[in-house]
Amino acid sequence: MTNVYSFDGILVFGLLFICTCAYLKKVPRLNSWLLSEKKGVWGVFYKAAVIGTRLHIAVAISCVVMGFYVVFLK
């Protein structure tokens, strides 16, 4: 179990947040509601979705590596 206060917990949270926002960008109703703002607090969701879609290979590899680390090494 990872906690948010450790460095690997923050990385897991960040990767899951990016993956979730990129997935929500594909849902039309949620895309217009959640990801329409590009500035401010709601802009964080939009920016995470953009990172997830543009760097999908790097994010996917990072998720696999972090999953391997959490399951087998920690």
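Is Phe-13 buried or exposed? Phe-13 is exposed, at a relative accessible area of 53% (buried is under 20%, exposed over 50%, partly exposed in between, with a 1.4 Å probe and protein chains only).

A quick note on the model: it's predicted, so local features need pLDDT of at least 70 and side-chain atom pairs count only at pLDDT 80 or more, while totals for chains, interfaces and linings use all residues. Residues are numbered from 1 along each chain as its sequence is written, and side-chain values use heavy atoms, with hydrogens and water left out.

**View 1. Phe-13 and Phe-17 on helix H1.** The two sit 4 residues apart, about one turn of the helix (helices are DSSP runs of H or I, at least four residues, numbered from the N terminus). Phe-17 is partly exposed at 25% relative accessibility.

**View 2. The aromatic cluster.** Phe-13, Phe-17, Trp-33, Trp-42 and Phe-45 make up one cluster. Rings of Phe, Tyr and Trp (its six-membered ring) pair if their centres lie within 6.5 Å; planes under 30 degrees apart are stacked, over 60 edge-to-face, the rest tilted. By this rule there are 5 aromatic pairs. Phe-13 and Phe-17 have ring centres 6.2 Å apart and planes at 20°, so they're stacked.

**View 3. The largest nonpolar core, with 11 residues.** Such a core is a set of buried Ala, Val, Leu, Ile, Met, Phe, Trp, Tyr and Cys residues joined through side-chain atoms within 4.5 Å. Its members include Val-12, Ile-18, Ala-48 and Val-59. Helices H1 (7–25), H3 (43–54) and H4 (56–73) each supply at least two residues, and H1 gives the most, with 5.
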